[in-house]
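Welcome, and thanks for taking a look at this one.

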Amino acid sequence: MRDNIERALRACLPSEKKEPKTLHGAMRYSVLSGGKRIRPTIVIEACRACGGSARDVMPMACAIEIVHTYSLIHDDLPAMDDDDYRRGKPSCHRAFGEAAAILAGDALLTLAFNIIARISCPETAARASLELSEAIGAGGMVGGQALDLESGHEIGRINELKTAKLFEVSAKLGAIAAGAGRKETDAMARYGLYFGRAFQVADDITDGAGYLKASGAPRAKRDVLRMIKESKKNLAVFGIKANGLRRIADGLI
Ligand code: GRG
């Protein structure tokens with residue numbers, strides 16, 4: 001599956017040989033830099049669990065990974081986390097300059113919605129762009145980042161918006177691509193949301209930051225396990241077709 005995702009991502013991105021070459025280079029550099037591709041894998045597995053095929057859902061999987069990459073590029077900027085490295089390589093602004101990195105993030109976000117707009121079923125495309133825009137805008141990922149930049153906001157709320165909403169919409173888009181009904185789509189969304197919460201706490205434990213600082217290691221570890229269990233509970237309705245999603249959740253442990 002990983003190879004298919006890489007191939008599809010490559011095909012979505014503008015060529016480095018075409019102007020503006022620096023912008024295209026920065027976009028390709030950041031997307032094709034060896035991420036774990038957890039979010040697109042969740043999109044595909046959620047679609048499979050709802051009876052759809054990996055091929056049908058690939059545009060949505062790519063759109064989600066492209067949004068994720070935009071968020072990493074902007075998060076690494078000097079005005080945000082000011083990180084020199086990402087995925088073991090110089091971060092986008094270190095490799096291409098700050099202006100190019102800002103534009104690469106902007107262009108990737110736009111590209112994600114362009115990919116969704118091209119989905120052949122107009123209803124699916126409209127629903128997917130509505131869900132995605134709500135998950136990643138001021139009421140979702142960007143809003144979470146804004147709260148994180150201020151002080152005094154509850155860490156669970158920040159994590160939910162900044163990280164979990166993108167996982168929630170990943171699972172949801174998979175269900176939507178498969179034409180799942182309301183009950184299945186809601187169950188998928190809850191799987192993604194709880195997985196996303198667990199993912200951020202696990203990341204904080206690894207980094208020694210955020211939730212770990214606020215709650216201490218024993219509680220943070222207990223909470224990850226509880227959130228993973230809560231996440232997997234929502235898969236019961238899909239039977240063995242959701243084994244891929246169960247493995248992803250267990251992989252966090
Ligand atoms: C600046 C628009 C904007 C948003 C920032 C999501 C986010 C909000 C920032 C990303 C930075 C960050 C530390 C997010 C927390 C989630 C997280 C641990 C991301 C890393 O995800 P992985 O581990 O990364 O899936 P790979 O490299 O494997 O894709």
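The lining of the largest pocket draws at least two residues from each of helix 3 (38-49), helix 4, strand 1 (85-86), helix 8, helix 9 (155-177) and helix 10 (182-207). Helices (H or I, at least four residues) and strands (E, at least two) are DSSP runs, numbered from the N terminus. Please keep in mind that this is a predicted model, in which local features need pLDDT of at least 70 and side-chain atom pairs count only at pLDDT 80 or more, while totals for chains, interfaces and linings use all residues. Residues are numbered from 1 along each chain as its sequence is written, and side-chain values use heavy atoms, with hydrogens and water left out.

**The largest pocket**

- A pocket here is an open set of points on a 1 Å grid over the protein atoms alone, with protein on both sides within 12 Å along at least five of seven lines; lining residues have an atom within 4 Å of a point.
- The largest pocket has a volume of about 1,200 Å³, where a volume is the space filled by probe spheres set on the points, and grid points are joined across faces, edges and corners.
- Its lining is made up of 42 residues, and L72, D75, R86, K162 and Q200 are the ones nearest the centre.
- Helix 4 provides the largest share of this lining, with eight residues.
- Sorted by class, the pocket lining has 16 nonpolar, 11 polar and 15 charged residues.
- In that sorting, Ala, Val, Leu, Ile, Met, Phe, Trp, Tyr, Cys and Pro count as nonpolar, Asp, Glu, Lys and Arg as charged, and the others, Gly among them, as polar.

**The cavity**

- Rolling a probe the size of a water molecule over the atoms shows where empty space is left.
- A cavity is a set of grid points where a 1.4 Å probe fits but cannot get out.
- The structure holds one cavity of 30 Å³ or more, and the volume of the largest cavity is about 90 Å³.
- Helix 2 (21-31), helix 4 (54-76) and strand 2 (89-90) each contribute at least two residues to the cavity lining, and helix 4 gives the most, with four.
- Five nonpolar, four polar and four charged residues make up the cavity lining.

**Helix 9**

- Helix 9 has 23 residues and spans 32 Å from its first C-alpha to its last, close to the expected 33 Å; the expected span is 1.5 Å times one less than the number of residues.
- At A164, helix 9 bends by about 50°, the bend being the angle between axes fitted to the seven residues ending there and the seven starting there.
- Because 18 of its 23 residues are buried, helix 9 is largely enclosed by the rest of the structure; buried means under 20% relative accessible area, exposed over 50%, and partly exposed in between (1.4 Å probe, protein chains only).
- E154 caps the N-terminal end of helix 9, with a side-chain oxygen 3.1 Å from the backbone nitrogen of G156.
- That is a polar contact, meaning a pair of N or O atoms within 3.5 Å; within protein, one must be able to donate a hydrogen and the other to accept it, and residues adjacent in sequence count only if both atoms are side-chain atoms.
- Just after helix 9 comes G179, which has a positive phi of about 75°.

**Loops to look for**

- E19 and P20 are joined by a cis peptide bond, with omega about -5°, and P20 sits in the loop between helix 1 (2-12) and helix 2.
- R37, in the loop between helix 2 and helix 3, has a positive phi of about 65° although it is not a glycine, and R37 is buried at 1% relative accessible area.
- R87, in the loop between strand 1 and strand 2, also is not a glycine and has a positive phi of about 50°; R87 is partly exposed at 25%.

**Other helix residues**

- S231 belongs to helix 12 (residues 217-233) and is buried, at 0% relative accessibility.
- A polar atom of the S231 side chain lies 3.3 Å from the backbone oxygen of Y191.
- A146, in helix 8 (residues 141-149), is partly exposed at 37%.
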